[in-house]
Amino acid sequence: MTDPTPFLSRVLEIEKEWIDYNGHLNMAYYNVLFDRGVDEAFARLGMGPTYSAQRQLTTYTAEIHVCYVRELHLTDKVRCSFQLLDHDDKRFHVFQEMRHVDGWLAATCESVGLHIDQSGPKVTPFPADILANLEAMRAEHASLPIPERVGRAIGIRRRKPA
């Protein structure tokens with residue numbers, strides 16, 4: 001791992017069943033697309049499809065914050081980035097962007113995940129090889145700027161009366 005750019009997924013397509021009565025991608029399926037992008041990044045980190053079955057270890061999402069920036073429709077195709085912002089021996093903090101193949105931003109996703117021993121299930125430290133992969137990716141991403149939408153609070157902003 002030597003690429004100082006966020007990991008970028010393959011091109012992802014929108015499925016017909018994901019379009020809601022407003023004619024655009026239903027909010028739930030933005031999460032599905034982000035999750036598919038995460039799966040590809042996890043494969044690079046050694047936590048791909050066989051990780052759970054072979055090692056009885058997996059990850060759970062502890063917290064997630066999605067910002068919907070621009071509507072997506074059935075014929076749109078997207079890619080999801082994966083920027084590792086931080087990690088410790090049991091957790092990881094990730095920021096993703098979902099961009100249309102034409103380059104415009106559709107959504108962002110910030111999340112914190114936990115490493116899980118499935119026999120509990122319980123939070124458990126990453127094995128040494130996976131921790132080394134996380135450390136390598138974190139070092140690659142350390143030179144990247146912190147995205148503007150990281151750490152956003154949710155709420156209704158009110159103007160102060162004049």
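## The largest pocket

In this predicted model, 25 residues line the largest pocket, and Asp35, Val38, Phe42, Thr59 and Thr61 lie nearest its centre. A pocket here is an open set of points on a 1 Å grid over the protein atoms alone, where a 1.4 Å probe fits and protein lies on both sides within 12 Å along at least five of seven lines; lining residues have an atom within 4 Å of a point. The space inside comes to about 360 Å³, taken as that filled by probe spheres set on the points, with points joined across faces, edges and corners.

The lining splits into 14 nonpolar, 9 polar and 2 charged residues (nonpolar: Ala, Val, Leu, Ile, Met, Phe, Trp, Tyr, Cys and Pro; charged: Asp, Glu, Lys and Arg; polar: the others, Gly among them). At least two lining residues come from each of helix 1 (27-45), helix 2 (51-55), strand 3 (57-68), strand 5 (91-100) and strand 6 (105-117). Helices (H or I, at least four residues) and strands (E, at least two) are DSSP runs numbered from the N terminus.

## Strand 5 and its partners

Strand 5 runs antiparallel to strand 4 (residues 77-87), with 7 bridges joining them; strands pair if DSSP finds at least two bridges between them. Val78 has His100 of strand 5 as its bridge partner, and a hairpin of 3 residues links the two strands.

Strand 5 also pairs with strand 6, antiparallel over 9 bridges. There, Phe92 is bridged to Gly113 of strand 6. The hairpin of strand 5 and strand 6 has 4 residues between the strands, and in it Gly103 takes a positive phi near 105°.

## Reading the numbers

Residues are numbered from 1 along each chain as its sequence is written, and side-chain values use heavy atoms, leaving out hydrogens and water. Local features need pLDDT of at least 70 and side-chain atom pairs count only at pLDDT 80 or more, while totals for chains, interfaces and linings use all residues.
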